[in-house]
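Welcome! Here is a short tour of a structure, with a look at how its parts meet.

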Amino acid sequence: MLVSILHRVSGDGMAVAGLAVLLWWLGALASGPEAYATFQGWMWADLSALTWSGAEIFYSIIKIILKIVVIGLSWAFFNHLCSGLRHFVLDLGAGYELGANKMWSIASPIIAILLTAGFWAAILYL
Amino acid sequence: MGNGTSLGKVRGLGSSHEGAHHWLVQRFTAIGNVVLTIWLVASILMLPDMSYGTWSAYLSGAVPATAMVLLIICVFWHAHHGLQVLIEDYVHTAGNKFATLALLNLAAIGGAAAGIFFVVRIVMTAQGDAAAEGALAELQNSMGAR
């Protein structure tokens, strides 16, 4: 039940927010260094350099939300990948035994969280 | 044909004659997505940074550019089918359902077309830069020779 809900949430979340970010990223790459700097300034803002006065407060809040969106999209990717691979196995007609089914329904979201953590660890520390 | 249970309402109507194709395409594109998105994630991890220079140079290569175009087609197709199922599950009024599905088709096809155009432009910008550099070097050579 939970795996099914998470599969749909992560999939449709990526379909809406993920593809929008993908298109903005590619569009910025296609438009040149200035457009790319704008993209990076919003989607991957330096949180230690945010300003908190006047209208800037509004922009700073959006930049924090966008950082959560990016991290959330990385989780959505790994979650959808894991539960999707589980679906492939179930489509083959395998893995319906109660024990095996329960085990992988618990394992797939946990593996997804571990992969997400590993992905960011690799980006930040490698 | 009964009018009681959900099964009773559809019993005797025969096959809907559609649905299997949608189901299969969702799987075919899922297989493509596994390969192509793992390529993209591996590229993000293995390239030195996320800068404009690194990625515009990388994506202007023949293989990465082709992979990105394939990724756009495969992912948008898969996302279209996923959102279609979401709409069919939650939007029941005939008019609203038609309108949201029409909007989804426009967004998915338009988005994919834009993405492919962006990749083409990234490749052509890189080639234009290389050609300009070549012409500049040639000009400098000819001026130096004089």
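What is the mean pLDDT of chain B? Chain B has a mean pLDDT of 92, and 97% of its residues reach 70 or more; pLDDT is the predictor's confidence in each residue, from 0 to 100. This is a predicted model, in which local features need pLDDT of at least 70, side-chain atom pairs count only at pLDDT 80 or more, and totals for chains, interfaces and linings use all residues. Residues are numbered from 1 along each chain as its sequence is written, while chains are lettered from A and ligands numbered from 1 in the order in which they are written. The model's scores are ipTM 0.93 and pTM 0.89.

Now to the meeting of the chains. Chain B brings 21 residues to the contact and chain A brings 17 residues (two residues are in contact if their C-beta atoms, placed from the backbone, lie within 7 Å). On the side of chain B that touches chain A, α5(B) gives the most, with 7 residues. Helices are DSSP runs (H or I, at least four residues), numbered from the N terminus. Each helix in this table supplies at least two residues of that side:

| Helix of chain B | Residues |
|---|---|
| α2 | 20–46 |
| α3 | 52–59 |
| α4 | 62–90 |
| α5 | 94–145 |

Leaving aside neighbours within four places in sequence, Leu29(A) is in contact with Tyr36(A) and with several residues of chain B, including Tyr52(B), Trp55(B), Phe118(B) and Ile122(B).
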